[in-house]
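Please keep the sequence and the coordinates open while reading.

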Amino acid sequence: MAQVLRVDWPSCEARGLCHEVLPELVDLDEWGYPIVKGPLTKELMDHAKEAVKVCPRLALRIVEGR
Amino acid sequence: MESLGLEGPILWYLNRSTGVVTIVLLTVTTVLGVLAIGGRPAGRVPRFVTQAFHRNVALLSVLLLVVHLVTAVLDEFVEIRWWEAFIPFVGSYEPLWVGLGAIATDLMIIVVVTSMMRTRMKHSLWRGLHVTTYGLWALAIGHGIGVGTDMTDSMWLLTVTCAIAVPLAAVLRLGRLVIDRTSASSTTPGGLK
Amino acid sequence: MTTTYLEPHLTREEDGRPASPVPAPMEVTVRPGPALLAGIENGPSLAAHRRQYGQIPHLNGKELHALVKRMQVRGRGGAAFPFAIKLETILKGSRPILVVNLSEGELASAKDHALALTRPHLVLDGVVATAKALRTRKVHVVLPGERPGAAAAMRAAIAERSDGVNIYTSTASSRFVAGQARAVVELLSGRPNLPATTWAPEAIKGLNGRPTLLSNGETWARVGLLVLRGDEEYASIGTDEEPGATLLTMNMQGSVPIVAEAAYGDRLRDYIPHDRHGLPAMVGGFHGAWATWETLASAKVSVNKMRAMGNALGAGLVLSSPDCPVSLTTRTVEYLAGQSAGRCGPCFNGLPALATALTAVHDGHGGLERVEQLSNLVVRRGACAHPDGTVRLVNSMLSTFPAEVEAHAHGRCDLKAGSRELVGDSFTRILEVA
């Protein structure tokens with residue numbers, strides 16, 4: 001199965017750091033919440049792991065799925 | 001124990017200077033933690049930069065703290081044993097003020113270790129422990145004032161500035177929080193957290 | 001002959017949220033039916049139930065699984081998930097917990113309400129038989145917060161029993177999202193009755209980390225009926241692909257909801273009251289989809305067929321709309337926006353914004369582009385499917401009534417009964433056509 005970046009929505013507080021470090025995959029909506037644009041590719045994996053670590057609310061996870 | 005020639009002023013100056021700079025850095029990183037973290041849009045500096053800055057200033061202060069502790073122990077002008085850096089109030093030299101520093105050091109260790117393990121622990125636990133940085137900072141200030149034997153005017157100015165900076169930042173953050181809460185509750189019907 | 005049940009009067013707390021366009025029912029009319037609703041005139045007591053059905057036969061896990069798989073028992077909570085698959089997952093784990101979800105947060109629906117009043121012991125036999133088959137003694141029953149009569153009836157039924165199984169009751173909050181599976185698990189865990197993020201399905205890791213078999217009250221009743229009467233009788237009605245029957249709620253604003261039991265394959269129109277023939281309806285629930293009368297008239301009661309035509313049966317609700325569907329949808333979305341748990345940013349920001357945009361369209365001020373933009377923005381971005389269901393309803397309104405939507409956009413509302421000019425936010429009848 002592919003790997004995806006999943007948002008733990010109740011924890012997310014629209015801080016926006018995930019978008020700052022991973023703009024290729026994460027956009028922000030008009031209220032500041034992340035829009036994950038697609039599946040995780042190999043090239044983006046390191047940055048995705050960085051995004052997971054940088055989130056001040058630990059609201060991102062890399063999981064199996066679509 | 002053979003004298004290592006460690007009575008001269010160099011250790012003393014090193015200890016004093018690292019002590020002062022550590023307090024300044026702690027103040028800076030605490031103010032950064034209070035003000036820059038929060039739900040506001042990033043402004044000109046990206047959030048992850050501010051976050052990294054906060055972390056790096058904190059780590060630098062740890063480094064300086066290590067030098068401060070080592071010089072304090074090695075300096076033979078005053079009797080400070082190595083364990084007094086971690087266990088408060090057991091020493092002979094200024095046990096109260098040195099002890100405050102020891103407690104601050106212990107808190108520093110807890111905060112740094114938990115922050116390195118942040119992704120492997122429950123966020124609420126990490127957060128609760130991280131809030132002790134307020135106490136850490138206050139203890140450092142108290143330690144500095146209490147143990148400082150050469151408070152010149154400029155030193156007092158520096159100390160007072162640091163002492164005011166964190167409470168001021170906290171008041172600003174609190175004010176911002178109140179404003180955000182009152183504006184949020186007047187708009188969306190479902191937006192209650 | 002039908003029976004009508006009255007609810008004790010419940011004063012609703014004033015919390016400033018928009019009210020549901022169809023409030024919790026004060027009365028429910030229940031019609032006798034061919035399966036679950038057979039013999040309801042004998043009353044809901046345990047004694048009457050045992051006279052009709054006898055004792056629960058003993059089955060083990062494998063036998064139960066084979067039975068529900070052969071009879072293709074599907075969930076009646078709205079998703080129609082195959083019960084056999086859930087059971088299979090549970091059988092792989094250990095120390096399972098069973099949960100009966102009778103919260104029925106969908107206020108316009110009354111089928112679980114009807115079951116609690118007329119057939120509580122079918123529901124309980126279903127879950128108790130499963131508990132014994134799985135060798136577990138832990139059963140939770142989640143009662144509705146907005147239907148005190150139903151809750152009391154269920155409690156009374158539980159008190160009559162002594163199965164050797166521990167049945168714990170909890171009461172759901174009145175919020176629409178309170179009946180969501182994870183929200184129920186949260187309630188049972190002692191936390192607020194609201195959806196939370198799930199990293200694994202409840203059947204694998206649910207309440208207290210244990211495998212949790214959570215199903216709708218009617219689903220358990222179907223299992224109970226199947227166990228008590230066997231597959232031959234169960235499959236004697238319905239079709240080959242879909243054996244058995246399902247409960248429907250026929251409702252309309254200002255009317256008493258009617259609960260009836262329809263065998264799969266029956267014509268849907270045969271269950272819709274005659275005075276509502278010709279009217280469009282919201283099918284499934286507030287997270288369902290609109291259907292024109294033509295669609296309703298040609299529909300057969302079927303999970304697969306109705307899903308294929310875009311009007312999934314869902315929770316079995318058929319909410320007829322005598323007035324403008326654009327108006328009812330707008331009111332519903334306003335209500336749904338206020339029912340958000342307030343935990344997920346895209347939902348508690350996006351749904352109120354969607355309600356505002358839809359109101360603008362309804363009043364003739366707004367852009368459909370904003371509605372479309374917000375619809376795309378809120379789907380799949382939340383801990384539960386509340387935004388997705390709301391968008392489903394909005395999209396079905398747009399695709400089913402394009403002419404009416406267009407009329408509203410020009411400040412008009414064309415209804416069957418006549419033409420009305422929109423004056424600000426209110427209607428003024430101009431002419432009436434017989």
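L98(C) stands opposite V139(C), a residue of strand 4 of chain C. Strands here are DSSP runs of E with at least two residues, helices are runs of H or I with at least four residues, and both are numbered from the N terminus. Strand 3 and strand 4 (residues 138-143) of chain C run parallel and are joined by 4 bridges; two strands count as paired if DSSP finds at least two bridges between them. V139(C) also stands opposite I167(C) in strand 5 of chain C. The pairing of strand 4 with strand 5 of chain C is again parallel, over 6 bridges.

The model is predicted: local features need pLDDT of at least 70, side-chain atom pairs count only at pLDDT 80 or more, and totals for chains, interfaces and linings use all residues. Residues are numbered from 1 along each chain as its sequence is written, while chains are lettered from A and ligands numbered from 1 in the order in which they are written.

These pairings belong to an open sheet of 4 strands in chain C, with the order 5-4-3-6 and parallel pairing. Strand 5 (166-171) and strand 6 (212-216) of chain C are the edge strands; each has a single partner strand, so one side of each has no neighbour in the sheet. On average, neighbouring strands of this sheet are turned by 20° against each other, direction ignored. Helix 8 (residues 217-234) of chain C packs on the sheet and touches strand 3 and strand 6 of chain C. The direction of helix 8 makes about 95° with that of strand 6 of chain C. For such angles, axes are lines fitted to C-alpha atoms, for helices over the stretch in contact, and the values run from 0 to 180 degrees between N-to-C directions. Strand 4, helix 6 (residues 148-160) and strand 5 of chain C form a right-handed β-α-β unit. Right-handed means that, with the strands pointing away from the viewer, the path from the first strand over the helix to the second runs clockwise.

Two loops of chain C hold residues with a positive phi. Most residues other than glycine have a negative phi. E104(C), which is not a glycine, has a positive phi of about 40°. E104(C) is found in the loop between strand 3 (97-101) and helix 4 (111-118) of chain C. Is E104(C) buried or exposed? E104(C) is buried, because 32 other C-beta atoms lie within 10 Å; the cut-offs are 20 or more for buried, 12 or fewer for exposed and anything in between for partly exposed, with C-beta atoms placed from the backbone.

The other case is A80(C), with a positive phi near 55° in a residue other than glycine. A80(C) has its place in the loop between helix 2 (61-70) and helix 3 (83-92) of chain C. With 19 C-beta neighbours inside 10 Å, A80(C) counts as partly exposed. P82(C) lies in the loop between helix 2 and helix 3 of chain C too. P82(C) is partly exposed, with 15 other C-beta atoms within 10 Å. Leaving aside residues up to four places away in sequence, P82(C) touches Q72(C) and R74(C); a contact requires C-beta atoms, placed from the backbone, within 7 Å.

Chain C as a whole has 15 helices and 14 strands. The C-alpha trace of chain C spans about 65 × 45 × 40 Å along its principal axes. The radius of gyration of chain C is 22 Å, which agrees with the value near 22 Å for a compact globule of 434 residues; the radius is taken over C-alpha atoms, and the globule rule is 2.2 Å times the number of residues to the power 0.38. Of the 434 residues of chain C, 54% count as buried. Among contacts in chain C with a separation of 6 or more, 70% come from residues 24 or more positions apart.

Chain C also touches chain A, in a contact of 11 residues from chain C and 8 residues from chain A. Helix 12 (residues 345-363) of chain C gives the most to the side of chain C that touches chain A, with 3 residues.

Between chain A and chain B, 13 residues of chain A are in contact with 10 residues of chain B. On the side of chain A that touches chain B, helix 1 (17-21) and helix 2 (45-54) of chain A each supply at least two residues.

Key. Two residues are in contact if their C-beta atoms, placed from the backbone, lie within 7 Å.
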